[in-house]
Amino acid sequence: MRTEPPGPQHEWLDAAAGPVMRPYTLTGGRVRSAVDNFNLVAFVLAGSDVDPASQSHLPPEHRRLVALAHRPVSVAELAAELDLAVGVVRVLLGDLLTQGLIAVHEPPTAGILPDDDILKAVVSGLRAL
(Lines give C-alpha, C1' and ligand atoms only; values in the text may rest on other atoms or scores of the structure.)
Protein backbone atom coordinates (compact mmCIF):
# COMPACT_ATOMS: atom_id res chain seq x y z
CA MET A 1 0.00 0.00 0.00
CA ARG A 2 1.43 3.38 -1.07
CA THR A 3 0.99 6.29 1.28
CA GLU A 4 0.99 9.80 -0.08
CA PRO A 5 2.84 12.51 1.87
CA PRO A 6 0.53 15.05 3.48
CA GLY A 7 -0.20 18.29 1.73
CA PRO A 8 -1.15 19.20 -1.82
CA GLN A 9 0.17 16.92 -4.54
CA HIS A 10 1.60 18.51 -7.61
CA GLU A 11 3.56 17.28 -10.62
CA TRP A 12 6.44 19.67 -9.76
CA LEU A 13 6.99 18.15 -6.33
CA ASP A 14 9.23 15.16 -5.82
CA ALA A 15 9.37 13.62 -2.35
CA ALA A 16 13.01 12.58 -2.72
CA ALA A 17 14.38 15.64 -4.53
CA GLY A 18 12.11 18.38 -3.23
CA PRO A 19 10.57 20.99 -5.52
CA VAL A 20 11.61 20.58 -9.14
CA MET A 21 12.19 23.69 -11.24
CA ARG A 22 12.91 23.52 -14.93
CA PRO A 23 16.04 25.43 -16.03
CA TYR A 24 14.14 27.65 -18.47
CA THR A 25 12.04 29.00 -15.63
CA LEU A 26 15.21 30.39 -14.02
CA THR A 27 16.05 32.26 -17.21
CA GLY A 28 12.54 33.38 -18.06
CA GLY A 29 12.55 31.15 -21.13
CA ARG A 30 15.75 32.69 -22.52
CA VAL A 31 18.38 30.37 -23.92
CA ARG A 32 20.97 33.01 -24.81
CA SER A 33 22.67 35.57 -22.66
CA ALA A 34 22.14 39.29 -23.24
CA VAL A 35 25.89 39.43 -23.95
CA ASP A 36 28.15 37.07 -25.86
CA ASN A 37 28.56 33.57 -24.50
CA PHE A 38 31.05 33.31 -21.70
CA ASN A 39 34.02 30.99 -22.04
CA LEU A 40 33.86 28.11 -19.56
CA VAL A 41 37.20 29.12 -18.06
CA ALA A 42 36.41 32.85 -17.96
CA PHE A 43 36.75 34.26 -14.46
CA VAL A 44 33.83 36.05 -12.87
CA LEU A 45 34.35 38.59 -10.11
CA ALA A 46 31.72 40.62 -8.26
CA GLY A 47 32.35 44.30 -7.84
CA SER A 48 34.11 45.16 -4.59
CA ASP A 49 31.24 47.46 -3.63
CA VAL A 50 28.54 44.85 -4.35
CA ASP A 51 27.01 43.32 -1.22
CA PRO A 52 24.89 40.21 -1.94
CA ALA A 53 22.75 40.91 1.12
CA SER A 54 21.72 44.29 -0.31
CA GLN A 55 20.58 42.70 -3.56
CA SER A 56 17.21 41.52 -2.25
CA HIS A 57 15.52 42.54 -5.51
CA LEU A 58 17.45 39.79 -7.34
CA PRO A 59 16.21 36.21 -7.64
CA PRO A 60 17.98 33.72 -5.34
CA GLU A 61 20.15 32.24 -8.10
CA HIS A 62 21.46 35.66 -9.08
CA ARG A 63 22.23 36.49 -5.43
CA ARG A 64 24.07 33.18 -5.03
CA LEU A 65 26.16 33.91 -8.14
CA VAL A 66 27.12 37.33 -6.76
CA ALA A 67 28.02 35.79 -3.41
CA LEU A 68 30.19 33.11 -5.04
CA ALA A 69 31.89 35.68 -7.28
CA HIS A 70 33.43 37.65 -4.43
CA ARG A 71 36.54 35.68 -5.25
CA PRO A 72 37.58 34.96 -8.84
CA VAL A 73 35.71 31.87 -9.98
CA SER A 74 35.26 30.30 -13.40
CA VAL A 75 31.94 29.96 -15.19
CA ALA A 76 32.28 26.16 -15.04
CA GLU A 77 32.85 26.25 -11.27
CA LEU A 78 29.78 28.43 -10.79
CA ALA A 79 27.65 25.99 -12.77
CA ALA A 80 28.94 23.09 -10.70
CA GLU A 81 28.45 24.91 -7.41
CA LEU A 82 24.85 25.85 -8.24
CA ASP A 83 24.18 22.46 -9.86
CA LEU A 84 22.80 24.22 -12.94
CA ALA A 85 23.43 23.77 -16.64
CA VAL A 86 26.19 25.98 -18.01
CA GLY A 87 23.76 27.55 -20.46
CA VAL A 88 21.51 28.66 -17.60
CA VAL A 89 24.47 30.09 -15.67
CA ARG A 90 25.60 32.00 -18.77
CA VAL A 91 22.18 33.63 -19.10
CA LEU A 92 22.12 34.55 -15.40
CA LEU A 93 25.66 35.94 -15.59
CA GLY A 94 24.62 38.03 -18.59
CA ASP A 95 21.87 39.56 -16.45
CA LEU A 96 24.36 40.39 -13.70
CA LEU A 97 26.89 41.79 -16.17
CA THR A 98 24.37 44.14 -17.77
CA GLN A 99 23.44 45.39 -14.27
CA GLY A 100 27.10 46.06 -13.51
CA LEU A 101 27.21 43.68 -10.56
CA ILE A 102 29.99 41.47 -11.91
CA ALA A 103 32.95 41.65 -14.24
CA VAL A 104 33.97 38.81 -16.54
CA HIS A 105 37.60 38.29 -17.44
CA GLU A 106 37.97 36.15 -20.55
CA PRO A 107 41.12 34.07 -21.01
CA PRO A 108 43.64 35.47 -23.46
CA THR A 109 43.24 34.29 -27.02
CA ALA A 110 45.93 32.23 -28.68
CA GLY A 111 47.03 35.31 -30.58
CA ILE A 112 49.77 34.95 -33.13
CA LEU A 113 51.23 31.48 -33.47
CA PRO A 114 54.99 31.12 -33.87
CA ASP A 115 56.38 30.99 -37.37
CA ASP A 116 56.83 27.49 -38.86
CA ASP A 117 60.56 28.14 -39.28
CA ILE A 118 60.91 28.76 -35.54
CA LEU A 119 59.05 25.55 -34.72
CA LYS A 120 61.22 23.57 -37.15
CA ALA A 121 64.36 25.05 -35.57
CA VAL A 122 63.16 24.06 -32.09
CA VAL A 123 62.42 20.51 -33.25
CA SER A 124 65.81 20.27 -34.91
CA GLY A 125 67.49 21.53 -31.75
CA LEU A 126 65.64 18.99 -29.63
CA ARG A 127 66.62 16.15 -31.96
CA ALA A 128 70.26 17.25 -31.78
CA LEU A 129 70.22 16.74 -28.02
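Aspartate 83 is where I would like to start: in this predicted model, its relative accessibility comes out at 69%, so the residue counts as exposed, the cut-off for that class being over 50%. Aspartate 83 sits in the loop between H3 and H4, and its phi is near 55 degrees, which is a positive value in a residue other than glycine.

How do H3 and H4 pack, and at what angle? Their axes are 9 Å apart, and the angle between H3 and helix H4, the latter covering residues 86-98, is about 110 degrees. Because angles of 65 to 115 degrees are classed as roughly perpendicular, that is the description that applies to H3 and H4. On the H3 side the contact involves Val75, Leu78 and Ala79, and these meet Val86, Val89, Arg90 and Leu93 in H4. Sorted by class, the contact of H3 with H4 consists of 6 nonpolar residues and 1 charged residue, with no polar ones.

How many salt bridges does a search of the whole structure find? The search returns 1, and it is formed by the side chains of arginine 64 and glutamate 81, with an N to O distance of 3.2 Å. The pair joins distant parts of the chain, since arginine 64 belongs to helix H2, residues 60-68, while glutamate 81 belongs to helix H3, residues 75-82, and the two are 17 residues apart.

My last stop is isoleucine 102, which lies in strand S5, residues 102-105. Is isoleucine 102 buried or exposed? With a relative accessibility of 7%, it falls under the 20% cut-off and therefore counts as buried. Leaving aside residues up to four places away in sequence, isoleucine 102 touches Val44, Leu45, Ala46 and Gly47, together with Leu93, Leu96 and Leu97. Leu93 has already come up, as one of the H4 residues that meet H3. Finally, the C-alpha atoms of isoleucine 102 and valine 50 are separated by 8.4 Å, although these residues are 52 residues apart along the chain.

Methods
Residues numbered from 1 in each chain as written. Predicted model: local features only at pLDDT ≥ 70, side-chain atom pairs only at ≥ 80, totals over all residues. Heavy atoms only, no water. Salt bridge = Lys/Arg side-chain N within 4 Å of Asp/Glu carboxyl O. Helix = DSSP H or I, 4+ residues; strand = E, 2+ residues; numbered from the N terminus. Buried < 20%, exposed > 50% of the residue type's maximum accessible area, 1.4 Å probe, protein only. Contact = heavy atoms within 4.5 Å. Axes fitted to C-alpha atoms, helices over the stretch in contact; angles between N-to-C directions. Parallel < 35°, antiparallel > 145°, perpendicular 65-115°, else oblique. Nonpolar A, V, L, I, M, F, W, Y, C, P; charged D, E, K, R; others polar.
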